[in-house]
Amino acid sequence: MIIVSTDGSCLRNPGGAIGWAWVNHAGGAASGGAPSGTNQIAELRALLEAVRAHPDAEPLLIESDSLYAIKCASEWIHGWRTNGWKTSTGGAVKNLELIQQIDRAIATRPGPVRFRWVRGHVGNYFNEQADALAGQAARKVAATGVATDPDGDEPVPFDPPTAPIPIVEPKTEPLPVTAPSGLERGETESAEKVGATMHSAHSAAATPRRRATAAKPAAAEALTLF
């Protein structure tokens with residue numbers, strides 16, 4: 001199984017420069033950015049690029065600290081597709097183009113794709129590396145005003161740690177979370193608000209990223225979504 005951590009960064013949400021990154025736990029990473037976007041767009045783009053960069057038949061597990069991105073790609077997407085890419089109330093799906101690209105990337109990949117939520121900014125080595133690369137990409141774009149994209153480029157070198165990093169397995173009992181109707185309708189809740197609503201601790205900290213101070217799951221908890 002290929003395990004990849006993803007993360008996104010927005011220097012000023014919404015509308016500031018964004019960066020995204022993925023880090024393969026066995027080695028290899030890539031990042032890029034755009035002059036303007038949102039936290040949600042950055043997280044979705046990171047997930048999309050991770051799937052695109054690993055197109056083979058091996059099972060792919062993507063770890064992300066964004067419940068919004070994971071649920072878009074693995075849960076809400078099925079209803080939106082069935083409903084003609086509309087929300088349950090007939091409204092427009094937010095970030096639709098990116099979500100459709102993720103849908104196609106997963107559908108055309110020979111191997112299965114799974115997702116696992118991890119808590120951000122708690123010392124998870126690969127999550128921290130993805131966060132650092134995404135932040136660097138966002139700052140580079142902000143300084144130059146030029147978007148960066150990995151298409152046609154080789155992934156940047158990345159050496160995994162010499163000591164194995166323990167993978168926290170999900171608890172046998174699923175977390176009792178229910179998506180708020182406003183989020184499913186594609187309204188403009190921020191990724192941080194989504195994390196707090198879901199009893200997650202999606203990233204944050206004051207500028208450029210706010211660290212969430214809302215109630216957080218225990219450090220050993222993780223959520224696997226199919």
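**Close-up views of a predicted model**

His121 is found in the loop between β5 and α4 (125-144). Helices (H or I, at least four residues) and strands (E, at least two) are DSSP runs, numbered from the N terminus. This is a predicted model, where local features need pLDDT of at least 70, side-chain atom pairs count only at pLDDT 80 or more, and totals for chains, interfaces and linings use all residues. Residues are numbered from 1 along each chain as its sequence is written, and side-chain values use heavy atoms, with hydrogens and water left out.

View 1. His121 is not a glycine, yet its phi is positive, about 60°. Asn95, also a residue other than glycine, has a positive phi near 60°. Asn95 sits in the loop between α2 and α3. Its relative accessible area is 16%, so Asn95 is buried (buried means under 20% relative accessible area, exposed over 50%, partly exposed in between; 1.4 Å probe, protein chains only). The peptide bond from Asn13 to Pro14 is cis, with omega near -5°. Pro14 belongs to the loop between β1 and β2. Most residues other than glycine have a negative phi, and most peptide bonds are trans.

**View 2. Aromatic pairs.** Three aromatic pairs turn up in a search of the whole structure. Rings of Phe, Tyr and Trp (its six-membered ring) pair if their centres lie within 6.5 Å; planes under 30 degrees apart count as stacked, over 60 as edge-to-face and the rest as tilted. The Trp76 and Trp80 rings have centres 6.1 Å apart and planes at 55°, so this pair is tilted. Trp76 and Trp80 are four residues apart in helix α2 (residues 67-82), so about one helical turn separates them. Both Trp76 and Trp80 are buried. Tyr125 and Phe126 form an edge-to-face pair, 5.2 Å centre to centre with 90° between the planes. Tyr125 is partly exposed at 26% relative accessible area, whereas Phe126 is buried at 4%. Ring pairs also link Tyr68, Trp76 and Trp80 into a cluster.

**View 3. Nonpolar cores.** The largest nonpolar core has 31 residues. Such a core is a set of buried Ala, Val, Leu, Ile, Met, Phe, Trp, Tyr and Cys residues joined through side-chain atoms within 4.5 Å. Leu44, Leu47, Ile62 and Ile99 have the most contacts inside the largest core. At least two residues of this core come from each of β1 (2-10), β2 (18-24), α1 (39-52), β4 (60-64), α2, α3 (96-108) and β5 (113-117). Helix α2 gives the most, with nine residues. Another core, of seven residues, lies apart from it and includes Val23, Ala29, Phe126 and Leu133.

**View 4. Helix α2 against helix α3.** The axes of α2 and α3 come within 11 Å and cross at roughly 105°. Axes are lines fitted to C-alpha atoms, for helices over the stretch in contact, and angles run from 0 to 180 degrees between N-to-C directions. Helix α2 is therefore roughly perpendicular to α3 (under 35 degrees counts as roughly parallel, over 145 as roughly antiparallel, 65 to 115 as roughly perpendicular and the rest as oblique). On α2 the contact (heavy atoms within 4.5 Å) uses Cys72, Ala73, Ile77, Trp80 and Arg81. On α3 the contact uses Ile99, Ile102, Asp103 and Ile106.

**View 5. Ser66 in its loop.** Ser66 lies in the loop between β4 and α2. Ser66 is buried, at 0% relative accessibility. Ser66 and Leu44 are 22 residues apart in sequence and 8.9 Å apart in space, C-alpha to C-alpha.
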